[in-house]
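Dear colleague,

I am handing over the structure below, and my notes on it follow. Please read them alongside the coordinates.

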Amino acid sequence: MTHSQPVPSARQPADAAPAVAVEGLTLRAGQRTIFEDVTFEVPAGALAVLTGASGTGKSPLALAIAGRLAPTAGRATVLGLDLPRHAGAVRRRVGVTGNATVTPLDETLTVKHHVAEALQLAGPWWRRSASAARVDRTITAANDLLGVLEGVFEDANGDAVTPLVRARLHRSQLVRDAAPASRFALGLVLALASDPDLLVVDDVDQLRTVHERRAAWAALLTLGRTGGHGKPLTVVATCQDRRELDDVLDSGHHLGALPLRPVTTHTLGAFPSPAPEIR
């Protein structure tokens with residue numbers, strides 16, 4: 001079961017169709033239940049937080065929304081497309097990051113080579129999608145995302161109190177040597193490279209420190225689309241504990257000066273969670 005709690009943060013049109021609508025959604029693997037009878041909606045342009053203890057099925061639910069797992073019962077509509085019938089079309093319009101099974105970062109490559117490989121794989125097979133200029137723009141975008149947050153977390157003297165936001169990606173460094181915040185930003189930028197309408201961010205808790213997680217939530221609250229389509233970007237993120245998100249929403253830093261997306265929270269109950277097949 002899920003319990004949903006809206007957190008007002010911005011105004012949405014009353015008649016806007018939800019980006020995600022699930023009703024009675026259930027996923028089982030053999031005799032084991034991964035999640036069951038999940039019902040909620042995500043307004044277009046919102047940040048939906050799927051939270052719950054380990055083993056409650058947060059990641060499988062997020063991947064089901066992304067069209068990567070087929071539910072065994074219930075109904076789901078994502079971006080106006082019914083699942084699992086239109087899972088392929090959903091996958092083309094949903095970016096995924098943070099899940100090492102679906103979108104792993106290759107730690108043996110340099111940042112430049114990893115970005116080039118990821119861009120090429122994400123693009124159409126008939127067109128070269130990883131020019132040197134685009135690789136440079138992608139790395140710069142990740143660093144710019146970190147830079148935007150530098151002025152958000154400051155102490156009384158105006159000094160940054162979140163060391164991670166000063167981290168920068170260097171083109172020649174190995175991915176494994178990049179700071180956790182830089183790797184997170186890189187994953188976000190690569191997931192946004194195809195200009196998706198919905199972004200799934202799995203396991204924000206994998207970031208090591210409170211400061212890192214606060215900056216991650218700040219990024220998810222403020223991210224915009226990379227293209228010029230005018231449609232809102234909807235974000236679905238998973239975590240066990242959303243207290244750092246609450247810190248960001250309630251603290252006295254300067255994030256309030258930025259346009260924030262509305263937030264909804266959906267709490268999952270406990271079920272044993274095996275690892276189903278991911279497409």
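**Notes on the model**

Gly74 belongs to strand 5, residues 73–78, where strands (E, at least two residues) and helices (H or I, at least four) are DSSP runs numbered from the N terminus. This is a predicted model, in which local features need pLDDT of at least 70 and side-chain atom pairs count only at pLDDT 80 or more, while totals for chains, interfaces and linings use all residues. Residues are numbered from 1 along each chain as its sequence is written, and side-chain values use heavy atoms, with hydrogens and water left out.

Gly74 is partly exposed, at a relative accessible area of 46%; buried means under 20%, exposed over 50%, and partly exposed in between (1.4 Å probe, protein chains only). Beyond its neighbours within four places in sequence, Gly74 is in contact (heavy atoms within 4.5 Å) with Glu23, Gly24 and Leu25, and its C-alpha atom is separated by 4.1 Å from that of Leu25, 49 residues apart along the chain.

Turning to helix 7 (residues 243–250), Glu244, Leu245 and Val248 are buried there. Seen down the helix axis, these buried residues fall within an arc of 105°, so they line one face of helix 7, the arc being taken over the directions from the axis to the C-beta atoms. The face turned away from that buried side carries the exposed residues Arg243 and Asp250, whereas the cover over the buried residues includes strand 4 (47–51), helix 6 and strand 10 (263–268).

Finally, Asp202 lies in the loop between strand 8 (198–201) and helix 6 (210–222).

Best regards
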